Amino acid sequence: MPLKMDEGWNQIQLNLPDLTSRAYGTNYAETLRVQVHANCRLRRIYFAHRLYSDEELPPEFKLYLSVQKA
């Protein structure tokens, strides 16, 4: 699955049931393992049943982008 990353922090959200259905033609059951390679820097990985708005997320899950002053 090709992904394009921008400079700085990126948020990636994967719909695992939809991805599994499209890629493999089967139903998603569970995630047994997550493998992260050494050339990645991650802040957090979490699983949820639905997407949450920024207002619903606890502060430690929010991604704050730095504001550059002119």
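Tutor: With a definition. A salt bridge is a side-chain nitrogen of Lys or Arg within 4 Å of a carboxyl oxygen of Asp or Glu. Keep in mind that the model is predicted.

Student: How many salt bridges does a search of the whole structure find?

Tutor: The search finds three. Lys-4 pairs with Asp-6, at 2.9 Å from N to O. Asp-18 pairs with Arg-22, where the closest N and O atoms are 3.1 Å apart. Arg-50 pairs with Glu-56, again through their side chains, at 2.9 Å from N to O.

Student: What separates Asp-18 and Arg-22 along helix 1?

Tutor: About one helical turn, because the two residues are four apart in helix 1. That helix spans 16-24.

Student: Is Lys-4 buried or exposed? And how do I read its partner?

Tutor: Use the cut-offs. Buried means under 20% relative accessible area, exposed means over 50%, and partly exposed lies in between. Lys-4 has 69% relative accessibility, so it counts as exposed. Asp-6 has 49%, so it counts as partly exposed.

Student: And the other two pairs?

Tutor: Take the helix pair next. Arg-22 is exposed, at 70%. Asp-18 is partly exposed, with a relative accessible area of 33%. In the remaining pair, Arg-50 is partly exposed at 44%, and Glu-56 is partly exposed at 43%.

Student: Now the surface. Which residues form a nonpolar patch there?

Tutor: Val-34, Val-36, Leu-42, Ile-45 and Phe-47. Together they have about 470 Å² of accessible area. One of them, Phe-47, is found in the segment after helix 1.

Student: How do I read a pocket?

Tutor: Rolling a probe the size of a water molecule over the atoms shows where empty space is left. Here, the largest pocket has a volume of about 2000 Å³.

Student: Which residues lie nearest the centre of the largest pocket?

Tutor: Of the 42 residues that line the pocket, Ile-12, Gln-13, Leu-14, Arg-44 and Ile-45 lie nearest its centre. Note Ile-45: it also belongs to the nonpolar patch.

Student: What is the make-up of the lining by class?

Tutor: The lining of the largest pocket has 25 nonpolar residues, eleven polar ones and six charged ones.

Notes. Residues are numbered from 1 along each chain as its sequence is written. This is a predicted model: local features need pLDDT of at least 70, side-chain atom pairs count only at pLDDT 80 or more; totals for chains, interfaces and linings use all residues. Side-chain values use heavy atoms; hydrogens and water are left out. On a 1 Å grid over the protein atoms alone, a cavity is a set of points where a 1.4 Å probe fits but cannot get out, and a pocket is an open set with protein on both sides within 12 Å along at least five of seven lines; lining residues have an atom within 4 Å of a point. Grid points are joined across faces, edges and corners, and a volume is the space filled by probe spheres set on the points. Ala, Val, Leu, Ile, Met, Phe, Trp, Tyr, Cys and Pro count as nonpolar, Asp, Glu, Lys and Arg as charged, and the others, Gly among them, as polar. Patches are made of residues with over 30% relative accessible area and no salt bridge: like charges are joined within 9 Å, nonpolar side chains (Val, Leu, Ile, Met, Phe, Trp, Tyr) within 5 Å. Accessible areas come from the Shrake-Rupley method with a 1.4 Å probe; for residues, only the protein chains shown count as cover. Buried means under 20% relative accessible area, exposed over 50%, partly exposed in between (1.4 Å probe, protein chains only).
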